[in-house]
Amino acid sequence: MPEIKVVSENNKVPYITTVLFPEITGQEMVMALGRKGIDVSSGSACSTGSPMPSHVLLAYGFSEKDALSGVRFSFGFYTEEEDIKKTVSTVVETYKKLKLFSDFS
């Protein structure tokens, strides 16, 4: 899905990845994935639950709208390749459904 943007900054922590999902809010994705047993967050750990765009993404030069569409994925020591494959397929399926009904665009 070419419209999805993976944020890959230099010197980032290798087990945390932020993904931007245009046309939906990060909070929409967080809630939908949570219902499917995938725990992610929108924004940085210090601002979880805030309705404001991620100050980190804004500092990297992303627009406010892009920053609001961000979802943070964290990987642990016990995360296996199969976990990642399942998550990716669930994320793609969920994103396709959410953007059909979103009024964020």
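**Contacts, pocket and aromatic pairs in a predicted model**

Aspartate 66 touches Lys5 and Leu20, leaving aside residues up to four places away in sequence. The model is predicted. Aspartate 66 sits in helix α3, which spans residues 64-68. Its relative accessibility is 18%, so aspartate 66 counts as buried; the cut-off for that class is under 20%.

Helix α1 covers residues 26-35. Its buried residues are Gly26, Met29, Val30, Ala32 and Leu33. An α-helix has 3.6 residues a turn, so residues three or four places apart point the same way. The buried residues of α1 pack against α3, β3 and α4. Just after α1, glycine 37 adopts a positive phi of about 85°.

The largest pocket holds about 480 Å³ of space. Its lining comprises 20 residues. Phe73, Phe75, Ile84, Thr87 and Val88 lie nearest the pocket centre. Three elements each supply at least two lining residues: β2 (16-20), β3 (70-74) and α4 (81-101). Helix α4 gives the most, with seven residues. By residue class, the lining of the largest pocket divides into 13 nonpolar, four polar and three charged.

Two aromatic pairs are present in the structure. In one of them, the rings of phenylalanine 21 and tyrosine 95 have centres 5.4 Å apart. Their planes meet at 50°, so this pair is tilted; the tilted class lies between the stacked limit of under 30 degrees and the edge-to-face limit of over 60. Phenylalanine 21 belongs to the loop between β2 and α1, and tyrosine 95 to helix α4. The pair therefore ties together parts that are 74 residues apart in sequence. Phenylalanine 21 counts as buried because its relative accessibility is 1%. Tyrosine 95 is also buried, with a relative accessible area of 0%.

Phenylalanine 77 and tyrosine 78 form an aromatic pair with edge-to-face geometry. Here the centre-to-centre distance is 5.0 Å, and the angle between the planes is 90°. Both phenylalanine 77 and tyrosine 78 are exposed, whereas phenylalanine 21 and tyrosine 95 are buried.

Buried residues of α1 pack against it.

Methods
Residues are numbered from 1 along each chain as its sequence is written. This is a predicted model: local features need pLDDT of at least 70, side-chain atom pairs count only at pLDDT 80 or more; totals for chains, interfaces and linings use all residues. Side-chain values use heavy atoms; hydrogens and water are left out. Helices (H or I, at least four residues) and strands (E, at least two) are DSSP runs, numbered from the N terminus. Buried means under 20% relative accessible area, exposed over 50%, partly exposed in between (1.4 Å probe, protein chains only). Contact means heavy atoms within 4.5 Å. On a 1 Å grid over the protein atoms alone, a cavity is a set of points where a 1.4 Å probe fits but cannot get out, and a pocket is an open set with protein on both sides within 12 Å along at least five of seven lines; lining residues have an atom within 4 Å of a point. Grid points are joined across faces, edges and corners, and a volume is the space filled by probe spheres set on the points. Ala, Val, Leu, Ile, Met, Phe, Trp, Tyr, Cys and Pro count as nonpolar, Asp, Glu, Lys and Arg as charged, and the others, Gly among them, as polar. Rings of Phe, Tyr and Trp (its six-membered ring) pair if their centres lie within 6.5 Å; planes under 30 degrees apart count as stacked, over 60 as edge-to-face and the rest as tilted.
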